[in-house]
Amino acid sequence: MKTIIEPFRIKVVEPIRMTTEAERDGLLRAAHFNTFLLRADDVLIDLLTDSGTGAMSAEQWAGVMRGDESYAGASSFFRFQASLRDITGFEHILPTHQGRASERILFQIMAGPGKVVPANAHFDTTRANCEATGARAVNVPIPEAADPRSRHPFKGNIDIPRLEAVIQEAGPANVPMVIVTVTNNTGGGQPVSLENIRAVRALCDRYKIPLVLDACRFAENAWFIKQREPGMSVRSVRSIVREMFDLADGATISAKKDGMVNIGGVLLLRDAGLVQRAGELLILTEGYITYGGLAGRDLEAMAQGFQEVVQEDYLAYRVRTAEYMAERLLKAGVQIIEPAGGHAIYIDAAHFCPHIPPAHFPGQAVVAGLYRTGGIRACEIGSVMFGGTLPDGTPRPAPAMELVRLAFPRRVYTQSHFDYAAESIAELFAKRATLRGIKIIEAPQALRHFTAKFAEM
Ligand SMILES: *Cc1c(COP(=O)(O)O)cnc(C)c1O
C-alpha cells in the first residue's frame, strides 16, 4: 500500500521560530517547568493539545466572511443548526463557547450534591464541572483500559457490570446520568464500540437514567468502529455517527476537536424541560440562544467543520498519523498506550522513567525533557492532572497510569514534523536516566496542571 497522504494542500503558512536546547532550558525554568506557562512562540512542535489548534479549510474561511452578526436569529445560526441536526439527528441545538460551557450547564441542571455520575472516564473539565455542583464523578472503564500493552480494540468501553454496581450502590435516583466519552481522551484516545454504547443504553433504560455522550471526538470514534467492529466496515461513518447520537439523550461537544474550529461548543438535549432550563442558563452567562457566546462567523465555521470531519479520506489520514507515530515510538523502545488513539499518543511515563516515583511526577519530568530536547510541547496526564485534593480536603485516588499525551492538531503538521518529533522522543528515551523528579512549588485547588509552578529535584 502507498503512503496515506495529507488530503489537502497548504495555502497559508505560519513560520516556526527555531530555538536551541540551551535557550529552551532557560525558557523552561522561567515557565516553572509547566509547559502551559510557555509562550507558544518558544515551541517548535506544539502537541500540547488538539483542542482549537487545527487549521480551517478554505470553505470554513469563506463562511467566516459570510458570518451574520445579528444578535438574534442570524442566518449563521440556522446554518449551524441545520448542519448539527444533519449530523446528530438532535432537534434542539444549543451553541456554547466551548465544551466546558456545555458541561457547566449540563451539570448545573442535572447534577448536584449527593449525586453520582459514572463514566468510562471523565475528562478533566468534565470532572471539575461535575464536582463543582457537589456531585461525585466515578470512572468505570473496562480493566484493559489500565493496561498500556493491551491491544483491545475498544479500550474506551465502559465496564457494564461495574457500571450497574455503581448505580445500585448509589441508588438509581441518585444517578442523574451516565456519561460515555467518545473517544476516551484521558484513557488514551481509545474508542468505544457501538455494541458497548448499546449495552449502556439498555442498562440506562432499565434504571431510567439518561445517557449523555461527551462527543468531542465522535467522528474519530465512528472511524474506529468502522475499522474494528464486526459488520461495521460496510457502513458509512455518517451512519455510524448517527447511530451513536441516536442512542443518547444528550451530548456535550467541544467543537474545538472534531468540530474543526478554533473556538466553539455544542449542547444537545432531547427533553424539552431540560432544553428550556439549559437555554435560561445559556442566556444568563453565555449569550442569547442563537449565538451562545460566539460570533456569527464562528457558527459558520462550525457548520462547515462538522461536515468536513466525517469525510472518510480525512479520517483515514487523521488516524494513520497517530498510528505512524505509535509504530515509530514502539520501535525505539518507548512504551505507549497501545493501540494508538485517534487524536494523540500517550507515552507510559512510569515505563519511561522507572527511577522516578509517582509522587515525583514522572510524566511532568518527561514533559520537561521533551521541551528541552526537542522544543516539543506535550501534556502530563497523571498525578499532576488528577492528584491533589477533593473540595472536602481528602486526597484524590491515585490515577491508574502516569501518562504524557502528545496530541495532534488537525491538518497542521506534515509528516516531517512528526518524524522530527519521533526522533526527539527517541533521543530523550536514550538519555532517560538523566531525567529528574519534579516537585510542586505552588498549585491551585482545581485543575492545577494549568497553572501550577514546579521545580526540578
Ligand atoms: C476538550 C474536552 C472537553 C472540554 O472542552 P473545551 O472545549 O476544552 O472546554 C471535554 N471533554 C473531552 C473529552 C475533551 O477532550
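A: In this predicted model, β4 gives the most to the lining of the second largest pocket, with four residues. That strand spans 136-139. Both β4 and α5 supply at least two residues of this lining. In total, 32 residues line the second largest pocket. Nearest its centre lie Arg127, Asn139, Pro397, Ala398 and Pro399. The space inside is about 830 Å³. By class, the lining has 19 nonpolar, seven polar and six charged residues. Domain 1 (21-50 + 311-456) and domain 2 (58-308) each give at least three residues to it.

Now the largest pocket. Its volume is about 1500 Å³, and 40 residues line it. Val12, Glu14, Ala55, Arg411 and Val412 lie nearest its centre. The largest pocket lies between domain 1 and domain 2, because both give residues to its lining. The lining holds 20 nonpolar, nine polar and eleven charged residues.

Last, the ligand. Its shell has 15 residues, with Arg100, Asp214, Arg217, Ser254 and Lys257 the closest. α5 (124-132) supplies at least two of the shell residues. α4 gives the most, with three. Two shell residues are nonpolar, seven polar and six charged. A polar side-chain atom of glutamine 98 sits 2.8 Å from a ligand oxygen. For lysine 257, a polar side-chain atom is also 2.8 Å from an oxygen of the ligand. Glycine 99 uses a polar backbone atom, 2.9 Å from a ligand oxygen. The protein covers 98% of the 380 Å² of accessible area that the ligand has on its own.

How values were computed
Residues numbered from 1 in each chain as written. Predicted model: local features only at pLDDT ≥ 70, side-chain atom pairs only at ≥ 80, totals over all residues. Heavy atoms only, no water. Near = heavy atom within 4 Å. Polar contact = N/O pair within 3.5 Å; in protein donor to acceptor, adjacent residues only side chain to side chain. Areas by Shrake-Rupley, 256 points an atom, 1.4 Å probe, with all protein chains shown as cover. Nonpolar A, V, L, I, M, F, W, Y, C, P; charged D, E, K, R; others polar. 1 Å grid on protein atoms, 1.4 Å probe; cavity = no way out; pocket = protein on both sides within 12 Å on 5 of 7 lines; lining within 4 Å. Points joined across faces, edges and corners; volume = space filled by probe spheres on them. Domains from an automatic or database assignment.
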